[in-house]
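I opened this entry to record what I looked up, one item at a time. The structure comes before the notes.

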Amino acid sequence: MSDLDSNTLAENKVLILYMLNKINADITEANLFNIITSINDLNYFYFGQIFNDLVETRLVASYTKDTETVFKITTEGKNALSLTKDLLPGIVKLKADNLYKEKLIAMAEESSVVAEYIPKNETDYTIKCKIIENNQTIFEVSTFAGSRDNAKKIVDNWNQNAHTIFPKILDLLLQG
């Protein structure tokens, strides 16, 4: 491996740690990839290799939260970052600092409405619809559907119209 390749590899590892430290919250690999590629041009496979290496060396931890695998920088990762932060060019840090807030706001809005259906058997499905703000579930409803089509319709309707459905449900609940 040439010096340029090893410098680029080190820089990208530090960039990922830098962003995870800055975000300081649980994040999916896909959302992190989205942020990193808006700062530095990486292809998905190269990012995946670097990211897996950070997880394997325990600089980044993974765990399951609400049926989704999320990641967070570890104490070891923070220590490694403090030792290697200078490898990151100032222009990359500046770009990272400017983009991360914008990306996080967009991801928070995107992930605030969640719906899924879980098959119980061939004719029964459980549907869970949620609204999440600041990593906390503020509303959750669970219901049943007698067919896959109905379950899918409920999930699609929630995903597209939660902003109007939720206030109506809240109004009905408050009408004592």
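**Notebook: exposure, packing and a helix pair**

I began with Leu-173, which counts as exposed because its relative accessibility is 61%, where the cut-off for exposed is over 50%. I note that the model is a predicted one. I placed Leu-173 in helix 6, which covers residues 148–174. I then looked for a surface patch around Leu-173 and found a nonpolar one of about 330 Å², made by Leu-170, Leu-173 and Leu-174.

Next I looked up Tyr-18, which lies in helix 1 (residues 3–23). Is Tyr-18 buried or exposed? Tyr-18 counts as buried because its relative accessibility is 11%, and buried means under 20%. I listed what Tyr-18 touches, leaving out residues up to four places away in sequence: Leu-81, Lys-85, Leu-88, Lys-93, Ala-96 and Asp-97. I also checked Tyr-18 against Ile-39, which is 21 residues apart from Tyr-18 along the chain; their C-alpha atoms are separated by 12 Å.

Last, I took the pair formed by helix 2 (residues 29–39) and helix 3 (residues 44–56). At what angle do the axes of helix 2 and helix 3 cross? I noted roughly 115°, with the axes coming within 11 Å. The crossing of helix 2 past helix 3 is right-handed. On the helix 2 side, I recorded Glu-29, Leu-32, Phe-33 and Ile-36 as making the contact. On the helix 3 side, I recorded Tyr-44, Phe-47, Gly-48 and Phe-51.

Notes
Residues are numbered from 1 along each chain as its sequence is written. This is a predicted model: local features need pLDDT of at least 70, side-chain atom pairs count only at pLDDT 80 or more; totals for chains, interfaces and linings use all residues. Side-chain values use heavy atoms; hydrogens and water are left out. Patches are made of residues with over 30% relative accessible area and no salt bridge: like charges are joined within 9 Å, nonpolar side chains (Val, Leu, Ile, Met, Phe, Trp, Tyr) within 5 Å. Accessible areas come from the Shrake-Rupley method with a 1.4 Å probe; for residues, only the protein chains shown count as cover. A salt bridge is a side-chain nitrogen of Lys or Arg within 4 Å of a carboxyl oxygen of Asp or Glu. Helices (H or I, at least four residues) and strands (E, at least two) are DSSP runs, numbered from the N terminus. Buried means under 20% relative accessible area, exposed over 50%, partly exposed in between (1.4 Å probe, protein chains only). Axes are lines fitted to C-alpha atoms, for helices over the stretch in contact, and angles run from 0 to 180 degrees between N-to-C directions. A crossing is left-handed if the near helix is turned anticlockwise from the far one by less than a right angle, and right-handed if clockwise. Contact means heavy atoms within 4.5 Å.
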